[in-house]
Every structure is written in structure tokens, then in C-alpha cells.
Amino acid sequence: MNNFDYSRASDLADAIRLLTADPGAKLIAGGTNLIDLMKENVERPSRLIDISHLPLRDIDETTGGGLRIGALVPNSDLAYHPLIEQRYPLLASAILAGASAQLRNMASVGGNLMQRTRCSYFYDTTTPCNKRSPGTGCSAIDGLNRNHAILGTSKSCIATNPSDMSVALAALGALVLIAGPSGQRTIALADFHRLPDDKPHLDTNLGSGEIITAIELPPQGFARNFSYLKIRDRLSYAFALVSVAAALELEGNAISAARLALGGVAHKPWRSLEAEAALQGKAATPDHFGHAADLLLQGATAQSHNGFKIELARRAIVRTLMQAASATPQSQAHKKIA
């Protein structure tokens with residue numbers, strides 16, 4: 001066991017002060033990912049700052065007609081909240097596709113956004129990993145990379161972001177509310193996570209001493225025509241090989257608005273405004289959905305063991321859009337593949 005200090009933040013300002021004062025400190029709320037990383041000696045924080053008692057557990061309607069979700073709302077509470085179920089069922093579906101009931105009961109919204117990759121080399125401290133130890137190399141590139149990224153990769157890292165919730169939030173156009181030493185700011189969820197480039201140890205665009213305080217959803221929730229499809233090796237408690245969040249607004253069979261995001265394929269939720277724009281005004285047909293899939297997958301590059309992901313992603317995109325168009329979203333009995 002590595003020694004570390006423990007502090008319980010009395011309020012948000014205290015949490016920011018403690019985090020700023022100790023660069024080696026980590027925030028802890030549910031701890032569902034951090035504790036595992038500490039056990040594996042991947043994370044070795046000098047201090048744990050307990051923020052679980054901060055008043056960040058409310059879900060409130062905004063003046064603009066959206067919802068503001070506190071960063072400490074448990075994933076289960078969010079998925080089953082009446083306003084989420086009624087107005088943002090895409091988000092509820094994505095949350096319930098992740099982890100297990102016990103983990104969702106503990107995991108917080110902010111922690112879900114901050115969870116780290118499940119790349120096996122990242123967890124194996126005997127292997128080189130630029131994300132864990134910058135400059136040492138990426139073992140996955142020439143190793144077993146079946147679960148790794150096909151989009152947005154770099155020579156330094158091919159890891160994927162593991163969050164289901166983030167994929168739905170990206171598709172919905174959510175905002176991340178942040179507080180830090182310089183005050184408060186807002187960033188689009190789609191811009192919150194980073195691509196690896198030459199700094200894969202940086203997962204997000206949070207600055208030093210900054211803390212997620214809330215997620216804000218826009219008024220439009222696509223409550224009728226949506227679907228979240230997660231393709232994985234096991235029926236439950238497994239991370240996505242490919243996941244798709246799709247949402248449509250239809251006027252008859254014509255698409256007036258489209259939202260589309262992928263998970264399991266990149267270092268961040270993958271969204272393409274070009275692919276969404278290509279659907280606007282078009283009929284909801286497999287051919288048009290296939291064209292949007294091709295746009296969303298532009299630049300996809302296979303590694304030695306994950307070439308199947310490109311075609312799998314294309315088919316999953318078309319299927320999910322067809323489900324959304326017919327208002328028959330994927331149930332929680334997600335498909336299992338060999």
C-alpha cells in the first residue's frame with residue numbers, strides 16, 4: 001500500500017484549494033475506477049480529496065428548458081430520474097448499458113466522465129504505456145489490440161474511452177460546467193475529452209485545480225426517435241467494442257435533425273457534424289444512413305487485431321439509425337457476439 005493523505009472538502013472552494021495545493025492529489029467520490037487503479041499501482045495519489053459530501057446532487061430544470069445535473073448524482077439515480085426517462089431516454093439507455101447495478105449505484109456523473117481507459121497495457125505496470133508513463137511507448141500498437149481505437153489514434157496511443165454515458169451526452173450536445181482557481185467556465189462535452197496526440201496521459205481538457213460541478217442538457221432530448229446500441233463480447237458488465245448513440249427528429253419520413261456519436265472506437269466519444277448534416281432533409285432510409293456511417297468513419301484505421309471494428313461500426317450505425325427512425329430503440333438485452 002502506498003501512503004497517502006486524506007482530506008474531506010468542506011465546500012467547493014475548499015476542494016479547489018486542496019487540489020491546487022497538491023499536484024499529486026486526486027478527487028474521490030464513488031471511487032469505482034480510482035480505487036481499482038490504486039490497487040493496481042497505476043494511480044499513486046499523494047492525497048485523496050473526498051468531495052462526496054459537497055452539495056452537487058441536484059437535478060434541476062434550467063431557465064432555457066434544459067436540465068442541470070449535479071456532478072455527484074449517482075448514475076443509477078440519473079438513469080431512473082423521471083425527467084431523464086421522459087425527456088432524455090437516450091441518456092438513460094446509455095447509462096443502464098454500462099457497468100453493473102452495484103457500480104452504477106456508487107459511480108457519480110462527474111466520475112463517469114473522468115474514468116480512465118480499460119486498456120490492459122495501461123493496467124499492467126510491467127509494460128510500457130505512454131498514458132501511464134509518458135515517453136515509454138505504447139505496447140498496444142504491436143500487441144493485442146482487438147479492443148482498441150480505429151479513429152483519432154496517434155503513434156503514442158490507441159486506447160479508447162470506456163464511458164457509455166459520455167457517448168449519449170456527446171450526441172445530445174451536453175455541456176460540462178467546471179469550477180477552478182480562475183472561476184467558472186463551460187465546455188461542450190464533445191470537446192471535454194482529448195485525442196491522444198503526443199500527450200495521451202491527458203484524458204481531458206480540465207485545467208489544474210479544476211472540478212466538474214454539473215452537466216447541462218439542452219432542451220431538445222429526442223425522446224421519441226432514439227436508440228443506444230452497444231456491441232460487446234458479453235451480454236452485461238463488459239465494455240463496448242462499438243457503441244452508437246443515435247437520435248432523430250422526423251417530419252413524416254424526412255429527417256429534420258440528427259445526432260450521432262460512437263463509443264468504443266476512439267480516445268473520446270466520436271461525433272461528426274458533417275455526418276449529421278448529411279442526414280438533414282433526407283429520407284430515413286438504409287442508403288442515407290449508410291452514407292452517414294461512411295462520413296462518421298472517415299479516416300478509420302485498423303490495427304493488427306481490430307480491423308473488424310470498421311465494418312462492425314458501419315453496420316451498427318445503420319442499425320441504430322433504423323431503430324431510431326422506427327421508434328424501436330434497442331432494449332437493454334444488448335447483443336452478444338463471438
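**Sheets, a buried helix and a pocket**

Asp 11 sits in the loop between S1 and H1. In this predicted model, Asp 11 has a relative accessibility of 37%, so it counts as partly exposed; the label covers values between the 20% cut-off for buried and the 50% cut-off for exposed. Asp 11 and Gly 110 are separated by 99 residues in sequence, and their C-alpha atoms lie 16 Å apart in space.

Strands S1, S2 and S3 make up an open sheet of 3 strands, ordered S1-S3-S2 and paired in parallel. On average, neighbouring strands here are turned by 25 degrees against each other, ignoring direction. Between S2 and strand S3 (residues 47–50), the parallel pairing runs over 4 bridges, and Leu 27 is found opposite Ile 49 in S3. Helix H1 (residues 12–21) lies across S1, S2 and S3, at about 170 degrees to S3.

H1 also lies across strand S6 (175–180) and S8, this time running at about 130 degrees to S8. That brings in another open sheet, with 5 strands in the order S4-S5-S8-S6-S7 and antiparallel pairing. Its edges are strand S4 (59–61) and strand S7 (183–188); each has a single partner strand, so one side of each is left without a neighbour in the sheet. From one strand to the next, the twist averages 25 degrees. Further in, strand S5 (residues 67–70) and strand S8 (residues 211–217) run antiparallel and are joined by 4 bridges, with Ile 69 standing opposite Ile 215 in S8.

Helix H9 (residues 165–172) is tucked away: 8 of its 8 residues are buried, so the helix is largely enclosed by the rest of the structure. The buried residues of H9 are Met 165, Ser 166, Val 167, Ala 168, Leu 169, Ala 170, Ala 171 and Leu 172.

S11 pairs with strand S10 (residues 242–251) in the antiparallel sense over 9 bridges, and Ala 247 faces Arg 259 in S11. The hairpin of S10 and S11 has 2 residues between the strands, and Gly 252 takes a positive phi near 70 degrees there. S11 is also joined to strand S12 (residues 270–271), again antiparallel, by 2 bridges, and Ala 261 stands opposite Arg 271 in S12. The hairpin formed by S11 and S12 has 6 residues between the strands, with Gly 264 in the turn at a positive phi of about 75 degrees.

Finally, there is the second largest pocket, with a volume of about 170 Å³. It is lined by Met 1, Asn 2, Phe 4, Ile 35, Met 38, Lys 39, Asn 41, Glu 43, Arg 44, Pro 45 and Leu 48. Helix H2 (residues 34–39) supplies the largest share of this lining, 3 residues. Sorted by class, the lining of this pocket holds 6 nonpolar, 2 polar and 3 charged residues.

Terms used: Residues numbered from 1 in each chain as written. Predicted model: local features only at pLDDT ≥ 70, side-chain atom pairs only at ≥ 80, totals over all residues. Heavy atoms only, no water. 1 Å grid on protein atoms, 1.4 Å probe; cavity = no way out; pocket = protein on both sides within 12 Å on 5 of 7 lines; lining within 4 Å. Points joined across faces, edges and corners; volume = space filled by probe spheres on them. Nonpolar A, V, L, I, M, F, W, Y, C, P; charged D, E, K, R; others polar. Buried < 20%, exposed > 50% of the residue type's maximum accessible area, 1.4 Å probe, protein only. Pairing = 2+ DSSP bridges. Axes fitted to C-alpha atoms, helices over the stretch in contact; angles between N-to-C directions. Contact = heavy atoms within 4.5 Å.
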